[in-house]
Amino acid sequence: MQHGEGEAQAEFPSTLDAIGELLEWFEQHRPGGLDDMVWIQAQTALMEGFTNAVRHANALLEPPPLVEVTLALVAGSLRMGIRDHGAPFDLETHLQAHAAEGEEPPGLDGLPEREAHWGVIILSRLQRDFGWSIRYEPLAEGGNLLLLEGPGGDS
């Protein structure tokens, strides 16, 4: 569903099988003039946020609710929102803890232990290395909204 100029919104089934549909929708709504690297970063953040909504936030809810996704180019910034229906989660604390740990060890050492934290690693890197703003806010009506904002720019 389209909402005004430069903004799109859609709902997707809370299943990893919906990733193809999500990516197709995302590509169809790519804002013109957006830097390719920002688009790849946005796609990575979208996949991580959607996967977390499906695997964690909505996983125990029956039937699993839809995941709402919004996308807009506003004042030169790419903004995305991913709404889930799960319990609140303190993402900021996890991002700060990752930042305090510094770099991950090279190679595959500790890979199984880190797997559960890849999302935090990805989002932390987007913040630290590429200037993304990332917030995860509980909603008054229940659920949460992952807000991601990255730089726009020209291709």
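**Figure 1. Buried residues of helix H5 in the predicted model.** Within H5, the residues Gly119, Val120, Ile121, Leu123, Ser124 and Leu126 are buried. Helix H5 covers residues 118-130, and its 13 residues should span 18 Å at 1.5 Å a residue; the C-alpha atoms at its ends lie 17 Å apart, which agrees with that expectation.

Figure 2. Although buried, glutamate 48 has no salt bridge. Arginine 55 provides the nearest side chain of opposite charge, at a distance of 7.3 Å; it is not a salt-bridge partner because such a pair requires a separation within 4 Å. When neighbours within four places in sequence are set aside, glutamate 48 is in contact with Gly119 and Ile122. Gly119 is also one of the buried residues of H5.

**Figure 3. Pairing of strands S1 and S2.** Strand S1 (residues 7-12) and strand S2 (residues 67-74) run antiparallel and are joined by 6 bridges. Phenylalanine 12 has valine 67 in S2 as its bridge partner.

**Figure 4. The hairpin of strands S2 and S3.** Strand S2 is also joined to strand S3 (residues 77-84), by 7 bridges, and these two strands run antiparallel. Leucine 73 is positioned opposite leucine 78 in S3. The hairpin formed by S2 and S3 has 2 residues between the strands. In this turn, alanine 75 has a positive phi of about 50°.

How values were computed. Residues are numbered from 1 along each chain as its sequence is written. This is a predicted model: local features need pLDDT of at least 70, side-chain atom pairs count only at pLDDT 80 or more; totals for chains, interfaces and linings use all residues. Side-chain values use heavy atoms; hydrogens and water are left out. Buried means under 20% relative accessible area, exposed over 50%, partly exposed in between (1.4 Å probe, protein chains only). Lys and Arg count as positive and Asp and Glu as negative; His and the chain ends are not counted. Contact means heavy atoms within 4.5 Å. Helices (H or I, at least four residues) and strands (E, at least two) are DSSP runs, numbered from the N terminus. The expected span of a helix is 1.5 Å times one less than its number of residues. Two strands pair if DSSP finds at least two bridges between them.
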